[in-house]
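Trainee: I would like to learn how to read salt bridges, ring pairs and record annotations in a model. Could we go through them one at a time?

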Amino acid sequence: MLDSFTLYFASIAIMVVMTLLNFLTWRTNKQISGTLLYIFYPILLLGSVIGFTLVGDTHNLVIISAASSMMFAASIVHCLSLSQFLNYHGIGFKLLCSVTAFCTVMLGYYTFFDPSLHERVIASDIQHIAEAGFLLFIFIKYARKPYPNGSIVYITILTLVALSFIGRSLFMDNIEQKNLLVNGWFSSLLFLNGVIAPMFYAAGMALLCNERREQHLNKLADKAQKDLEIRGLFLSTISHEIRTPLNGILGSAQLVMNQTSDTRNKAYCEAIINSAESLNLLVDKVLDYASLDQSDEALYEEDVEFKTWLNNLCLLLSPMAEQKQLKFELIYNIPEQACYYCDQQKLRQIIINLVGNAIKFTDHGTVKIQVDLVLEKQLEHTIKISVKDSGPGIENDEIAYLTEPYVQSSAGKEKGGTGLGLAITSRLLEKLSSRLEIASQLGTGSVFSFTVTFTLGELSLVEQRHQTKDYLTGLDVLLVEDLDLNQKIAIEFMADDEHKIKLAKDGKSAIELMQAHHFDVVLLDMNLPDLTGQEVLKRLKRIDHKNQRTPVLAFTASLSPDEVKEYLELGIKDIVGKPIKHEKLRQALSDSQSNQTASIAVELIDTLYDKTAAETLTSSFSEDEVSSIYNEFVLSARNKLIRCQKLIDQHPEQCIKLLHRQASTALQLGFNRYGIELKKIERRLLDKKPHNDMLDEALDLWQRSLEQYLKFVRGQLE
C-alpha cells in the first residue's frame, strides 16, 4: 500500500486536474444548470486535502476542524450541483443537509469537547455514506434513462464509495492519531475518495453534458423534422388543391375544343389550356423546390415510350416559343421505338425548366432540344439531352453560381424570375445520378445538357390491340368510378356517342344498381374505395341480378399481362386504360356488343422455367429481340429484388409497383413459380399482411429458376 503522504500529494494533483476539467466542461456548457457550481466541488475538496496534509502527525484541532468542514461543504456543493443538473427538487437534498449538519455538530463535539479520533472518523463516514446514498438515489431514479452513460460512471463509483465507508464504519478498530496515516482503512479510502473518485466524477460530468447536448440536438432535430413534415403536408395539400382544379380546367377545355367547330372558340380553348399549363408550371416550380427539402425518396421509375413522351412534352412547350416567334425544334437521334425505365416526373420537370429558361432568355432565333445516344449496350442506353438556344449567352464567371438557389445571371436580373429553375434542375439531376453541364458564348447562345443512363423498358411485351373506326351509339352503360374528374371526362366522352349512363361511386352501389337495372355494358373501376373490381365480380356471381350476361369492361391503369390475364379469367370482356382515350373507350364499348368472346389463357404450368414461353415470343419478335428481353430481365432481376428489400418498409407502394412489374414479366417469360411467388408477396403487401422473409425466399427461388433457364440455354447451344 502507498504511504499516506504520497496519496495526499497524488490527491492534490488529481483535484487540480479535476478543477481544470470541470472548468472546461462549464465553458462549453454554460447554459446547463449545475456545471458552474460543480467547479467549486474539487476546489473545496482540494482545500480539505491540503489541510489534512498539513496536519501530518500533529494534532492541530483547528486545522482538522477546518479541513473537515471544507470536506462537508464540498459534499453539499457536489450534491447541489448534480441536483441542479438533473432538475431534482425533492426532499432528499434537505435530508442530506440535515445529516451533514448533524455530522458537523458531532465532529465539533468529538474534536473540542470530548476528543475522540474514532468518533470523528465515524461522523465523517456517516456523512460520506449519506452523500453516496443520496446521489445513488437520484441517479438510479432520475438519471439512468435520460443519461445512461453518465449514470453508469456515477453509479459505479458511488457504489464503491458507499460500500467502502460502510465497511470502515463497521469493521475499523479503535485507532490513535499516530497510527492513523499507516492504517489500511485510512489509506485505502484516501486512494479511493481522493484519487479514483474525482477522476470518475470529472468524466461523469463530461458525459452527462455530452448526453444533455445530444438530447438538445435530438429535440431540435425532432422539431425540425416535425416542421418539415408540417410543411410537407401543407405543400402536399396546396399542391393537390391547386392541381385538381387545374386538371379539371384542362380536361374541360379539351372537351369543349373537341366538340366545337368554331375556329374562334377553339382559339379561346387553346388559350385556356396554355394558361392553365403555365400556371401549373409556376406552381410546380415553387412547390417542387420547397419539397426537395423533404426526406429522400426512391425514384418512381416507369416504362416510357420515350419519343412519344418527348413529343407530348414538346407540344406543351411549343406555345411558349410561338408566342415569342421562336423556332422550336426537337432533334431526336435515338432509336424510334426506344422504351426506357425512368422517373418521368423528375425528367419532365428538368426539361421544362431548361426549355423554359431558354425561351425566356431568347428574343429571336431558335430553341432546340437535342437527344443523342452516347452509349448503347444490350440492356441500357446512355443518352445526352441538350437544350440549345440562340440567346445572349452567359458570362463565364457567372456560370459556376447559376445552380445556387436565388442566384441569377445579369440577363436573368433583367428578365425577372425567382432564380430557382436551375437550382431545382441541378438537385433533381443529382437524384438521377447526373449533373448539369453549361456551355455558353456571349452573343451566340447557351447549351444546357446532361447525360443519363436508362435501362431498356418492357413496353414491347404488352400486346397492342387493333382498333377500328366502327362504333355503336345509344348503349345503356353503368359507370363505376369514384374519382370526380374521371367521372366527368368518361361521361362527356360517352355522351358524345349518345350513350345513357348511370353512375356508381363504389362497389356496393354498383351491385345494387345491377340488381335493379339492366345494362348493355358495365365500365368497372378495379380499385374502388370499398371493394376491388375483382371482389365486385365475385360477389355478383353469388347473387341474383339482371346483368348475368352483361359484358363488363375493366376501367383501370393496371395493364400488365398478368393483370390482364386475371381480369379475363374473371369474365371481363375488355380493358379501358387510364388516362382515358376517347377512341379506345369508343372502340371497347362497340366491341363489347359483339359475339366474339375474349380468350382466357390456359392455367400456368407449375415449373421453374417454361421453355414454351420463348417460342410464343418468337412469333412476335425476332430472335435477337427475344434474347435482349431475356438478358435484360435475367441480369436485372436480382438487383430489383434487392431494391424491393430496401423499399418494402419505407416505401411499400413503390415496392408493390416494382413487384407487380417483375411478376408480370417473369410470367410472360416463363419463370412461372418465381412470378407466382412475387404476385403472392405483392398481394400480401396490398392486404397489409406480414411478409416476413418472403423476399429472401423469392431470391432463393429466383436462383433456382435461373439455373433451370441456363440449363435450357446450354441445351440449345449443344
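Mentor: Keep in mind that this is a predicted model. Start with glutamate 329, which is partly exposed with a relative accessible area of 23%. The side chain of glutamate 329 meets that of lysine 327 in a salt bridge, at 3.8 Å from N to O.

Trainee: How many salt bridges does a search of the whole structure find?

Mentor: The general idea is that side chains of opposite charge can pair when their charged atoms come close. The search of the whole structure gives 7 salt bridges. One of them joins the side chains of aspartate 125 and arginine 168, at 2.5 Å from N to O. Aspartate 125 belongs to helix H6 and arginine 168 to helix H7 (residues 148-171), so this pair ties together parts 43 residues apart in sequence.

Trainee: Is aspartate 125 buried or exposed?

Mentor: Aspartate 125 has a relative accessible area of 0%, so it is buried. Arginine 168 counts as buried too, at 7%.

Trainee: Where do aspartate 700 and arginine 704 lie?

Mentor: Both are in helix H24 (residues 694-717), 4 residues apart, about one turn of the helix. Aspartate 700 is partly exposed at 44% relative accessibility, and arginine 704 is partly exposed at 36%.

Trainee: Next, the rings. How many aromatic pairs does a search of the whole structure find?

Mentor: A pair of aromatic rings is described by the distance of the centres and the angle of the planes. The search finds 23 aromatic pairs. In one, tyrosine 88 and phenylalanine 137 have ring centres 6.3 Å apart and planes at 80°, so the pair is edge-to-face. Tyrosine 88 sits in the loop between helix H4 (61-85) and helix H5 (92-113), while phenylalanine 137 is in helix H6 (residues 117-143), so parts 49 residues apart in sequence are tied together. Tyrosine 88 is buried at 11% relative accessibility, whereas phenylalanine 137 is partly exposed at 38%.

Mentor: Phenylalanine 93 and phenylalanine 134 make a tilted pair, 6.2 Å centre to centre with 55° between the planes. Phenylalanine 93 lies in helix H5 and phenylalanine 134 in helix H6, so this pair ties together parts 41 residues apart in sequence. Both of these phenylalanines are buried.

Trainee: Which residues do ring pairs link into a cluster?

Mentor: The cluster consists of Tyr609, Phe671, Tyr674, Trp702, Tyr709 and Phe712.

Trainee: What about cysteines? How many disulfides does a search of the whole structure find?

Mentor: A disulfide is a covalent bond between the sulfur atoms of two cysteines. Here the search finds 0 disulfides. The sulfur of cysteine 97 has its closest cysteine sulfur in cysteine 79, at 8.2 Å, which is too far for a bond. Cysteine 97 is partly exposed at 28% relative accessibility, and cysteine 103 is buried at 0%.

Trainee: Which residues does the UniProt annotation "transmembrane region" cover?

Mentor: The unreviewed UniProt entry lists several spans, including residues 6-24 and 92-110. In the model, residues 6-24 are 100% helix, with end C-alpha atoms 27 Å apart. Residues 92-110 are also 100% helix, with 27 Å between the end C-alpha atoms.

Mentor: A nonpolar surface patch of about 420 Å² is formed by Val17, Leu20, Leu21, Phe23 and Leu24. Of these, leucine 21 lies in helix H1 (residues 4-28) and is partly exposed at 40%.

Trainee: What does UniProt list for Asp525?

Mentor: The unreviewed entry gives "modified residue: 4-aspartylphosphate" for Asp525. Aspartate 525 is in strand S10 (residues 521-525) and is buried, with a relative accessible area of 3%.

How values were computed
Residues numbered from 1 in each chain as written. Predicted model: local features only at pLDDT ≥ 70, side-chain atom pairs only at ≥ 80, totals over all residues. Heavy atoms only, no water. UniProt positions renumbered as here; feature names shortened; annotations may be inferred. Helix = DSSP H or I, 4+ residues; strand = E, 2+ residues; numbered from the N terminus. Buried < 20%, exposed > 50% of the residue type's maximum accessible area, 1.4 Å probe, protein only. Patch = residues over 30% accessible without salt bridge, like charges linked within 9 Å, V, L, I, M, F, W, Y side chains within 5 Å. Areas by Shrake-Rupley, 256 points an atom, 1.4 Å probe, with all protein chains shown as cover. Salt bridge = Lys/Arg side-chain N within 4 Å of Asp/Glu carboxyl O. Disulfide = S-S within 2.5 Å. Phe/Tyr/Trp six-rings, centres within 6.5 Å; stacked < 30°, edge-to-face > 60°.
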